[in-house]
Amino acid sequence: MGGTWYWNRYPGARFDSESWTYGYSFSEEILREWEWSEHFAAQPETLRYCNFVADKLDLRRDIEFNRRIRTVTYDEAAHQWDVESEDGRRARARFLITAIGPLSAPTMPSIPGVETFRGESYHTGTWPHEPVGFANKRVAVIGTGATGVQAITEIAKTVGHLTVFQRTPNWCAPLHNRPIDAATQARIKATYPETFAICRESFGCFIHQADPRNALEVSPEEREALFEKLYGEPGFGIWMGNFRDVLIDREANATITEFMRGKIRQRVKDPALAEKLIPTNHGFGTRRVPLESGYYEVFNQSNVRLVDVRETPIERITPAGVKTSEGEHEVDMIIYATGFDAITGAFDRIDVRGRGGRRLRDKWAEGPRTYLGLQIEGFPNLFTLVGPHNAATFCNIPRCIEQNVDWVTALIAHMRESGHVRVEATREAEAEWTQHVHDTGRRMLFTQVDSWMMGINSNVTGKQKRTFIVYAGGAPKYRERCDEVAARGYPGLSFG
Ligand code: NAP
């Protein structure tokens, strides 16, 4: 139970969204009874929340755990999906709804020798359930994305010696987490409708709304004042609540990038080390911003070493540690914070067969094609929650999942009422939406940078070319379009 919050139990794992904006909104009872202890809850609390919801709604009786799905095949004659798990068990259903997660297929680095290492080794996305200790141990962490940044900061508190292998530094911003006191708890509970209404209208359904001004329209002093204010505030404000042009306009982006550069230089004592931690190949906010709680100060510790693997590439993992072009780093533990085969990866790991035995993997070989990120031509009665091209891929995710679920539920109800047994996106509607996703994405600076948001994964064959896999038009526009399609009787879908 718990999906991402079940698997990602690595040290330091916690929300980057405000806890009270993240929970389900559909049950007043759950909203009333559940109390978040911190503004950004840690993983164990979120997992408890998932279990609490499952028990409250009596969901366990409808869930079969430990059934990894191997193939799903559309039976054209019966208008049904055949689902087969790895252990050979089968199920059939009219509708197939995938909720397989955008960041659920962990990837190990394609470095030779990984299997030869004699010490302990873990991927953050499949962290063990037993406690893992770091005291008196020499630990290596490979990867400095949002996961690596959280894990490194926590591990550094107790580790014997830590070596961080960094390939691309990211622009990290302070999380500013704190406990929720009784008065704040009462206010949170009394204002859930207002909170969800604000989230609904913001780009990624976070509580932070973009400043309506352009960065280049205001004086340098005013600009600096907003940056400083946002840097001192909790959460994604500095990313999502910044001037409205900083993620679109290069010159505007350069102003916040320069500000962030200054912050890293202030926080890291050794100037040469600070330069290594400063990204040089992308501007602030053009990759997912890791939120941190003392990350940069970790590198002021005498027992922490940063290895820039662009300068000294990793050649192989050895039985004793990590060998770079500079020499061998002997360690007792290697932690792979090397990320996921994002968004399409979980689909690729299942053999999905649509009409005429067509394989989804082949259809998406040059990048995904979808209608509204929820339907695929050639694959009737299949709905892809948080799938590629869906606004939920760039979102405070439960907020967008609820929208996806409501839309699919209404469509299924519509089919029941009208006696339809088959629904499928038309080729034209799919082409139009896919083009729209590409056109919208091109306006954003992040599409000019390599990251999982552009389908890049150096460790997966065939995922080295940038591909539009997320929808960058924002959740409100996406919802408007979905609502309009429903209100007009579902143009773009053919029914049978
Ligand atoms: P990631 O952002 O893809 O980062 C993977 C890291 O591993 C990168 O630093 C990457 O370097 C490095 N790496 C991969 N292969 C490597 C290799 N062969 N050699 C050296 N370095 C290698 O993955 P992630 O940190 O797990 O985060 C994924 C996403 O999960 C986040 O962006 C976020 O959306 C989500 N997440 C959310 C939370 C939260 O909400 N609290 C927390 C953690 C993660 P390059 O950059 O050079 O490729």
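This is a predicted model: local features need pLDDT of at least 70, side-chain atom pairs count only at pLDDT 80 or more; totals for chains, interfaces and linings use all residues.
Reader: How are the rings of W34 and Y49 arranged, stacked, tilted or edge-to-face?
Author: The structure holds 31 aromatic pairs, and W34 with Y49 is one of the pairs that can be described in detail. Their ring centres lie 5.2 Å apart, and their planes meet at 70 degrees. Because planes over 60 degrees apart count as edge-to-face, the pair of W34 and Y49 is edge-to-face.

Reader: How many residues apart in sequence are the parts that W34 and Y49 tie together?
Author: W34 counts as buried at 13% relative accessibility, and Y49 counts as buried at 5%. W34 is in the loop between α3 (28-33) and α4 (43-56), whereas Y49 belongs to helix α4, so the parts that the pair ties together are separated in sequence by 15 residues.

Reader: What is the arrangement of the rings of W239 and F394?
Author: W239 lies in helix α9 (residues 237-240) and F394 in the loop between β16 (382-384) and α15 (397-418), so this pair ties together parts that are 155 residues apart in sequence. Both W239 and F394 are buried. With ring centres 6.0 Å apart and planes at 40 degrees, the pair of W239 and F394 is tilted.

Reader: Which strand pairs with β1 in the parallel sense?
Author: Strand β1 (residues 69-75) is joined to strand β2 (residues 80-85) by six bridges, but these two strands run antiparallel, with T73 having D82 as its bridge partner in β2. A further pairing of β1 is made over three bridges in the parallel sense, and there V72 stands opposite V352. The parallel partner of β1 is therefore strand β15 (residues 351-353), since at least two bridges are needed for strands to pair.

Reader: Which residue takes a positive phi in the hairpin of β1 and β2?
Author: The hairpin of β1 and β2 has four residues between the strands. A positive phi, near 55 degrees, is found there at H79.

Reader: What span does α15 reach from its first C-alpha to its last?
Author: Helix α15 has 22 residues, for which 32 Å is expected at 1.5 Å a residue. Its buried residues include R399, E402, W407, L411 and M415, and the helix is followed by G419, whose phi is positive, near 75 degrees. The span of α15 is close to the expected value, at 32 Å.

Reader: How far apart in space are N390 and T370, C-alpha to C-alpha?
Author: N390 is placed in the loop between β16 and α15, and with a relative accessible area of 0% this residue is buried. N390 and T370 are 20 residues apart in sequence, while the distance between their C-alpha atoms is 8.8 Å.

Terms used: Residues are numbered from 1 along each chain as its sequence is written. Side-chain values use heavy atoms; hydrogens and water are left out. Rings of Phe, Tyr and Trp (its six-membered ring) pair if their centres lie within 6.5 Å; planes under 30 degrees apart count as stacked, over 60 as edge-to-face and the rest as tilted. Buried means under 20% relative accessible area, exposed over 50%, partly exposed in between (1.4 Å probe, protein chains only). The expected span of a helix is 1.5 Å times one less than its number of residues.
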